[in-house]
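Q: Could you walk me through one part of this model up close? I'm new to this, so please spell out the terms as you go.

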Amino acid sequence: MNSLSGLGMTDVASRPRGRRAWWLGFASLVLIGGYVIFMNYLFVRSGMLRPDFALIHRAYDFNLWQLPLTLIGFALFFAVVALRWSSARRTLLLFSGVYIFLTVDLFALRYYMTHIEPERMVVRRIRLQTPKLIKPLRILHISDIQAGSITDYEARVFGRINELNPDLILNTGDYLQEVPPATFDSELPKLVELFKSVMPKYGFYGVFGDTELEMYGVPQDELRPLELLSSRTVTIETEAGKVSIHGLSLYQSRKSEWAMRTVDSWLSTSADSEFRILMGHSPDFAMGMSEQPIDLCLAGHTHGGQVRLPFFGALTIYSEIPKEWARGFRRIGIPYLNVSAGIGSNRRHGLPPIRFNCPTEMTLIELVPLRSIR
């Protein structure tokens with residue numbers, strides 16, 4: 001009788017600790033969950049008010065470094081308490097296991113965002129009909145190589161370009177963004193060698209971006225086959241027909257009003273029968289081109305946002321264009337616009353190559369003759 005009474009009293013005494021263990025676990029989850037939601041709300045709101053790629057860096061460090069370290073702390077806390085509260089040990093170890101699981105998931109996500117998606121190159125394919133050409137013409141739009149240093153990844157990218165065998169390559173800027181110990185002088189020759197590994201039939205043209213100020217002082221002959229167009233036009237005679245390409249300076253690409261100072265002159269000297277391509281680094285110039293007799297506008301700069309959240313989209317695009325324009329192909333009035341999410345990732349202020357739901361890309365645009373309807 002005394003033995004049974006003792007067991008009953010022990011069972012009753014263990015219940016409050018078991019309930020406290022559950023409450024403690026759930027309270028910790030609510031506390032952490034609320035804190036994470038609040039911090040990410042601040043990141044999202046900051047991205048809407050003050051677009052800046054540094055914001056992505058802060059969100060990355062919080063969610064994929066500071067948070068998992070905090071979760072490890074909670075896992076250890078519950079494991080230690082489990083050693084003391086033997087009557088609630090199973091419950092406490094359960095919550096410790098939940099925190100370990102979340103920590104492993106976050107570190108796995110960090111690895112994916114830093115090492116896998118930034119090198120998961122996607123080739124987007126566009127088919128555009130035009131009455132201005134009599135044969136197909138394949139244009140490869142690349143942008144924002146933005147290499148911290150030239151690595152096997154960039155070599156693979158140019159190997160893929162060779163496989164695609166485009167007729168014409170157009171690059172909308174940001175070639176290098178060196179991360180020490182790499183320097184412009186050490187990496188440019190390697191990049192030029194990659195340029196030389198691709199020889200499209202009708203040339204390789206580009207514009208200046210934000211990250212290669214030193215390139216302004218490099219003689220054009222040292223960059224070939226890349227030919228930079230800064231407020232300049234090139235007209236190409238192809239088997240498909242004439243193509244007129246006008247490249248904006250970096251300054252002109254940032255405002256449509258600034259772009260029009262050179263676009264007006266270009267349009268007045270090119271024939272309406274020519275397929276007209278306008279390219280600039282920043283896509284902001286395109287906001288004023290809807291009524292202009294231009295066939296195709298090309299831009300980069302936004303990287304597609306690099307981090308695209310479900311139901312929200314890009315955290316920041318560092319541009320004044322509508323967010324839905326920050327990546328992809330669309331019609332914006334008379335012209336079509338393609339904004340590339342880029343081959344590389346922003347490396348400013350030590351930012352690692354971060355990508356989520358926004359893989360690196362290049363776009364193969366096939367121009368085909370518009371067949372007349374009989």
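**Pocket first, then a strand**

A: The largest pocket holds about 390 Å³ of space. (A pocket is an open set of 1 Å grid points where a 1.4 Å probe fits, with protein on both sides within 12 Å along at least five of seven lines; its volume is the space filled by probe spheres on the points.) Of its 20 lining residues (an atom within 4 Å of a point), Gln177, Asp210, Thr211, Asn346 and Arg348 are the closest to the centre. Keep in mind that this is a predicted model, with local features needing pLDDT of at least 70 and side-chain atom pairs 80 or more, while totals for chains, interfaces and linings use all residues. Numbering runs from 1 along each chain, and side-chain values use heavy atoms, without hydrogens or water.

Now for strand β3, residues 168-171 (strands are DSSP E runs of at least two residues, helices H or I runs of at least four). Leu168 and Leu170 point one way, Ile169 and Asn171 point the other, and all are buried (under 20% relative accessible area, 1.4 Å probe).

What does β3 pair with? Strand β2 (residues 137-142) runs parallel to β3, with four bridges (pairing takes at least two DSSP bridges), and Ile139 is the bridge partner of Leu168. Along with helix α4 (residues 152-164), β2 and β3 form a right-handed β-α-β unit (clockwise over the helix, with the strands pointing away from you). The chain then goes from β3 through helix α5 (residues 184-196) to β4, in another right-handed crossover. Strand β4 (residues 204-206) is parallel to β3 too, joined by three bridges, and its Tyr205 stands opposite Leu170.

Technical notes:
Buried means under 20% relative accessible area, exposed over 50%, partly exposed in between (1.4 Å probe, protein chains only).
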